[in-house]
Amino acid sequence: MNFDALFSTQIDALKEDGNYRYFAELERKCGKFPHAANHHEGTVRDVTVWCSNDYLGMGQNPLVIDAMCEAVQRTGTGAGGTRNISGTNHDHLLLENELADLHGKEAALLFTSGYVSNWAALSTLGSRLQDCIILSDAGNHASMIEGIRHSRATKVLWKHNDVADLEAKLKEQPANAPKIVAFESVYSMDGDIAPIREIIEVAEKYGAMTYLDEVHGVGLYGPRGGGVAEQEGLMDRITLIEGTLGKAFGVVGGYITGSAVLCDFIRSFASGFIFTTALPPAVAAAARASIMHLKASGVERQQHRAQVAKLRAGLDAAGIPHLENESHIVPVMIKDPVKTKMLADYLMDQWGIYVQPINYPTVPKGTERLRFTPSPLHTDADIDYLVEALTNLWKQCAIAHDVSQESA
């Protein structure tokens, strides 16, 4: 059997539908973010990155870089094993203590990525709690969906951010069954924010555990960067808060926080924790430096909000359609996969602006978009240049300025 032919058939179908993913080969320049070198067809060109999840540019922060370099010199490059077999380093425990403090919890547990932390935690909870029912927001990330699926627990979907639907679904469940309400704070594609207080109140009413994914909130919201739940004074009412070190904190890795016994439970039973090599100590040291800095400094968050507001105002003035939300994510709606890719290519080739086209399956068909993530390090001139480029291409490509801003 020709397996490569089978693979090619499906890849060709992706390309025909406009959903094949092309990667831009970037070379980040230390201290130059959001500018980078793009290696393309044997040439190198300078581009401005407009879609990075390094939301605050902390991956370029001298304090974070120095912490990583110092730790490499002190400990070497790798952890040496799984956490269970020689891989638990002092830097891991210092970081876990820092994360527990960030979220006002008794304990924290590190994972190799935010995807793994969601997958491992939800799959373990769902499989180890007998007769568990997981009520999952319909907009939840693939990592949460996969974790729930792997757990084989009963899964109940509730309409995205619809507290009334959540309550109706909770009412239908057996009173004595363990129930978990799983949701996110900031949804990464539309940028909308969950009604966290109302969700907690409904969950508490029915005795359900709350599981909050704050990956797009940590570092960016709250007086110390604890996320949207901290901003709203609700962290103490959430059972488990999950987050990432790879976005606003500018490094890599994921984590959960909660009670000491909850974290010990996940540590003891989660295969995604037990059987994988631990994060390098230098990564943990860099992440800790980033978290400590953002706990004390609000400057980056203030500048970030200011640049997000300036971009939104510029798009509004130019009549460029974008989804309104209260977060830092600015989705410009195209609603066609071929046009989305075409616009992204034009921006890169003609203007030196890099933004990744977002197509199915990341978003539903018919909601294709360009997802912009301004940072504190994007200058006013960068913003003006982006708006000029979009305005020019909107006319060039004959895309309507009055495209509906509603998401599917």
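Okay, let's start with phenylalanine 372, which counts as buried because its relative accessibility is 0%; buried here is under 20% relative accessible area, exposed is over 50%, and partly exposed is in between, with a 1.4 Å probe and protein chains only. Quick housekeeping: the model is predicted, so local features need pLDDT of at least 70 and side-chain atom pairs count only at pLDDT 80 or more, while totals for chains, interfaces and linings use all residues. Residues are numbered from 1 along each chain as its sequence is written, and side-chain values use heavy atoms, leaving out hydrogens and water.

So, ring pairs. Searching the whole structure gives five aromatic pairs, where ring centres of Phe, Tyr or Trp (its six-membered ring) lie within 6.5 Å, and planes under 30 degrees apart are stacked, over 60 edge-to-face, the rest tilted.

One of them joins tyrosine 20 and tyrosine 22: the centres are 4.8 Å apart and the planes at 80°, so it's edge-to-face. Tyrosine 20 is partly exposed at 29%, and tyrosine 22 is partly exposed too, at 44%.

Back to phenylalanine 372: its edge-to-face partner is tryptophan 50, at 6.4 Å centre to centre and 75° between planes. Tryptophan 50 is buried, at 1% relative accessibility.

What lies over the face of tyrosine 22? That's lysine 341, 4.5 Å from the ring centre. Likewise, the charged end of arginine 128 sits over the phenylalanine 269 ring, 3.8 Å from its centre. The cut-offs: NZ of Lys or CZ of Arg within 6 Å of the ring centre and within 35 degrees of the ring normal.

Last one: phenylalanine 3 is partly exposed, at 48% relative accessibility.
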